[in-house]
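Hi everyone, thanks for coming. Could you all bring up the sequence and the model on your screens, and then we'll walk through a few spots together?

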Amino acid sequence: MDAVLDDIARHWPLYAAIPLVAALIGYVTKRVAIEMMFRPLEWTGIRGTFLGWQGVVPRHGGRMAAIATDLLTANLLDIRDVFDRIDSGRIAREIEQPLLRAVDDIARDVLAEYHPRMWDRLPPMAQELIVKQLQASSPRLVGQLMDEVRENLDDVLDVKHMTVQRLTQDKALLVRLIRETSRPEMAFIARSGIYFGFVLGIVQSVIWAVTKEPLVMPIFGACIGFFTDWLAIKLIFVPREPIRVFHRFTVQGKFQRRRTEVARQYGELIAREVLTVPNLMESILRGPRSDRLMAMIRRMVAEAIDEQTSAAKPLVTVAIGTRRLEEMKRAAAAKAIERLPDTVSHAEGYLTKAMNVANMVEERMMKLTPVEYEGLLRPAFRQDEWKLIAVGGVIGFIVGELQVLLMLH
């Protein structure tokens with residue numbers, strides 16, 4: 001024992017450096033593990049070999065997007081409830097001016113294209129009267145369309161497909177969704193490496209002083225990197241429920257403890273990045289069920305034209321022809337569909353506020369069970385988790401070897 005103490009006294013700077021280096025190992029391995037979860041977005045390395053890496057989250061983007069979407073659609077969001085908050089009359093008022101302009105343009109273009117001689121011969125006052133009649137019926141048409149979309153929402157909108165596609169196509173968005181809501185947890189993992197590493201480093205220095213065995217350093221380095229990575233990840237999620245210790249301290253997984261903050265952040269991200277008005281419009285107009293909406297619009301436009309021409313239907317049919325009239329209806333519907341995104345964009349502010357997606361997601365997240373709530377972040381760690389921990393062990397082993405060289409020289 002005297003020899004050991006004498007050796008420590010003579011080489012105390014080296015012994016003091018061991019816990020510090022161990023703390024550095026712990027921190028570096030955690031930072032590497034965190035970055036490996038999210039970076040790079042695309043595979044970087046030698047194709048066709050195992051020499052390379054792609055971030056765990058972007059690599060499993062499709063699966064993780066599906067998991068996130070299942071949680072969102074099953075527990076956090078009722079898209080029918082979202083649409084029920086929209087007032088059809090308010091939308092008509094919000095888009096009144098662009099709607100009137102669109103109807104004016106569509107009416108003039110279609111009539112000029114399909115019956116130019118008749119349209120050109122009409123006096124300007126008559127042309128204006130026809131356009132005004134169509135414009136007068138357009139707000140009612142908007143309300144009718146909104147009501148039909150609401151009643152047949154599942155037929156025209158596949159929100160699950162929209163969300164998965166959005167998160168899969170934009171890997172940076174998926175990374176941002178997970179990283180932004182888990183930033184404090186990532187910082188905790190990195191800091192924990194310092195604390196755990198320092199404590200284990202003290203043990204490591206004592207064993208080195210007693211044994212002088214060169215293998216102690218790399219083995220302990222590997223253990224520090226491996227064990228602290230595993231422990232830090234576990235401490236994020238467990239215990240799920242708060243536990244009182246010594247009647248003074250409350251212990252709970254960090255992610256579980258931050259539910260209120262996470263719920264607010266996650267709701268805002270979903271509302272700002274995923275379930276936006278433009279994304280919903282894109283899915284409704286060009287998604288897998290868009291053909292049903294198109295059929296709905298074509299039918300309603302045809303009915304509106306028939307209504308406007310009902311008083312002179314026989315005369316119109318003779319003047320234009322049945323086939324030509326049907327072509328006009330289809331052309332008017334096609335132009336209406338084409339102008340729809342730009343027209344509705346003028347109501348984006350109202351729609352975003354009325355749907356209030358962020359608040360709905362936040363409220364429902366607060367009602368999740370601890371296990372359901374954990375599912376928001378846990379899949380990001382579960383995918384290839386063993387690789388992240390193993391990398392920590394390998395880095396710790398290499399740094400341990402460097403420590404041996406330092407001690408021997």
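This is a predicted model: local features need pLDDT of at least 70, side-chain atom pairs count only at pLDDT 80 or more; totals for chains, interfaces and linings use all residues.

Residues are numbered from 1 along each chain as its sequence is written, and side-chain values use heavy atoms, with hydrogens and water left out.

Okay, find His-60. You'll see His-60 in the loop between α3 (56-59) and α4 (61-76). Is His-60 buried or exposed? I'm using buried for under 20% relative accessible area, exposed for over 50%, and partly exposed for in between, with a 1.4 Å probe and protein chains only. His-60 has 14% relative accessibility, so it counts as buried. Now look across to Lys-171: His-60 and Lys-171 are 111 residues apart in sequence, yet their C-alpha atoms are 9.8 Å apart in space.

Next, empty space. Rolling a probe the size of a water molecule over the atoms shows where empty space is left. The rule works on a 1 Å grid over the protein atoms alone: a cavity is a set of points where a 1.4 Å probe fits but cannot get out, while a pocket is an open set with protein on both sides within 12 Å along at least five of seven lines, and lining residues have an atom within 4 Å of a point. Grid points are joined across faces, edges and corners, and a volume is the space filled by probe spheres set on the points.

How many cavities of 30 Å³ or more does that give? The count comes to two. The largest cavity has a volume of about 110 Å³. It is lined by 13 residues, and the closest to its centre are Met-64, Ala-68, Ile-178, Gly-375 and Leu-376. Two or more lining residues come from each of α4, α12 (171-181) and α24 (378-382), with α12 giving the largest share, four residues. For classes, Ala, Val, Leu, Ile, Met, Phe, Trp, Tyr, Cys and Pro count as nonpolar, Asp, Glu, Lys and Arg as charged, and the others, Gly among them, as polar.

Now try the second largest pocket, with about 180 Å³ of space. Its lining includes His-161, Gln-165, Arg-166, Asn-279 and Arg-286. Both α11 (159-169) and α17 (277-286) supply at least two of the lining residues, and α11 gives the most, with five. By class, this pocket's lining has two nonpolar, six polar and three charged residues.

On to charges. Side chains of opposite charge can pair when their charged atoms come close. A salt bridge here is a side-chain nitrogen of Lys or Arg within 4 Å of a carboxyl oxygen of Asp or Glu, and the count comes to 23. Take Glu-94 and Arg-90, whose side chains meet at 2.8 Å, N to O. These two are four residues apart in helix α6 (residues 88-94), so about one helical turn separates them. Glu-94 is partly exposed at 29% relative accessibility, and Arg-90 is partly exposed at 32%.

Another pair is Asp-105 and Arg-339, with the closest N and O atoms 3.2 Å apart. This one links distant parts of the chain, 234 residues apart: Asp-105 sits in helix α7 (residues 96-114) and Arg-339 in helix α20 (residues 322-344). There's also a network, where salt bridges that share partners join Arg-31, Glu-35, Arg-39 and Arg-179.

Last stop, the backbone. Most residues other than glycine have a negative phi, and most peptide bonds are trans. Arg-39 and Pro-40, though, are joined by a cis peptide bond, with omega about -10°, and Pro-40 is in the loop between α2 and β1 (44-45). Val-238 and Pro-239 are joined by a cis bond too, with omega about -5°. Finally, Asn-356 is not a glycine, but has a positive phi of about 50°; look for Asn-356 in the loop between α21 (348-355) and α22 (357-365).
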